[in-house]
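User: Hi, I have a model open here and I would like to understand what packs against what. Could you walk me through it?
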Amino acid sequence: VVETVRARYSAAGLGTGSGFGGDLDLEGREFVVAADASSGAFVYDLDGPVAVDCGAGCSELAPVGSLVPTSGTGLLSVALGTETVAVGAASAGGGVVELFDRSPVSGSWIPAGQSYVPAGFTPAVGDRYGNFVALSGRVLAAGDPSADATFTEQGRAFTANLEPLASTFVGPGSDWGVASNWDVGLVPDTGDIAIVPASATV
């Protein structure tokens, strides 16, 4: 089935070799598109402002936010969560994963003021840490396909909780290890906040 193009996407300031569209992610009615590290990544509202009417029911949408990492080179990788965007910038220096949060005041995307580096791991020259990133709820995953492990360039992958999770046990029974027994749909991990009502079966 060939679907009619409903929208297309671009951004101001892109030039030769910007790599726009090299990676992308969808979350609900929002869409993030990566370019290279100097251009950044761009967030779109699928129901957002139209920049150009491209005819035949097609609209070119304008970005509602731009995310430029503080370091890294080459094409970016992106992952979009409900309130967070992860931007991976693999580079000759090893790579970085930076986080951007949605402002609770303006709704715009702003630097979270932090990058994610796994404990006990330092990206080395020649690594490509941040070449792949993913978000699921509050869990971040990042990959480095060139990291040395047991073998040269064997590759590594990492996951991390972005912040402590506060979740309430809703039962039934007392099976704490079942995700559906917690109101947020995730089993609390080390460092999380588990709330167990007095009425719960222990």
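Analyst: Gladly, keeping in mind that this is a predicted model.

User: OK, and which residues touch the most other members in the largest nonpolar core?
Analyst: That core has 15 residues, and those touching the most other members are Val32, Leu67, Leu76, Val85 and Val87. As for where the core comes from, at least two of its residues are supplied by each of the strands β3 (30-34), β4 (41-45), β8 (76-80), β9 (84-89) and β10 (96-102).

User: What else lies apart from it?
Analyst: There is another core, made of 14 residues, and its members include Leu99, Val133, Leu135 and Phe158.

User: Switching to rings, how many aromatic pairs are there?
Analyst: The count comes to 10 aromatic pairs. One of them joins Phe31 and Tyr44, a tilted pair with 6.4 Å centre to centre and 45° between the planes.

User: Why does that pair tie together parts that are apart in sequence?
Analyst: Phe31 lies in strand β3 while Tyr44 lies in strand β4, so the pair ties together parts that are 13 residues apart in sequence.

User: And are those two buried or exposed?
Analyst: Both Phe31 and Tyr44 are buried. Another aromatic pair, Tyr129 with Phe158, is edge-to-face, at 6.3 Å centre to centre and 75° between the planes. Here Tyr129 sits in the loop between β11 (109-115) and β12 (132-136), whereas Phe158 belongs to strand β14 (residues 156-161), so the pair links distant parts of the chain, 29 residues apart.

User: Which residues do ring pairs link into a cluster?
Analyst: Tyr9, Phe31 and Tyr44 are linked into a cluster by ring pairs.

Notes
Residues are numbered from 1 along each chain as its sequence is written. This is a predicted model: local features need pLDDT of at least 70, side-chain atom pairs count only at pLDDT 80 or more; totals for chains, interfaces and linings use all residues. Side-chain values use heavy atoms; hydrogens and water are left out. A nonpolar core is a set of buried Ala, Val, Leu, Ile, Met, Phe, Trp, Tyr and Cys residues joined through side-chain atoms within 4.5 Å. Buried means under 20% relative accessible area, exposed over 50%, partly exposed in between (1.4 Å probe, protein chains only). Helices (H or I, at least four residues) and strands (E, at least two) are DSSP runs, numbered from the N terminus. Rings of Phe, Tyr and Trp (its six-membered ring) pair if their centres lie within 6.5 Å; planes under 30 degrees apart count as stacked, over 60 as edge-to-face and the rest as tilted.
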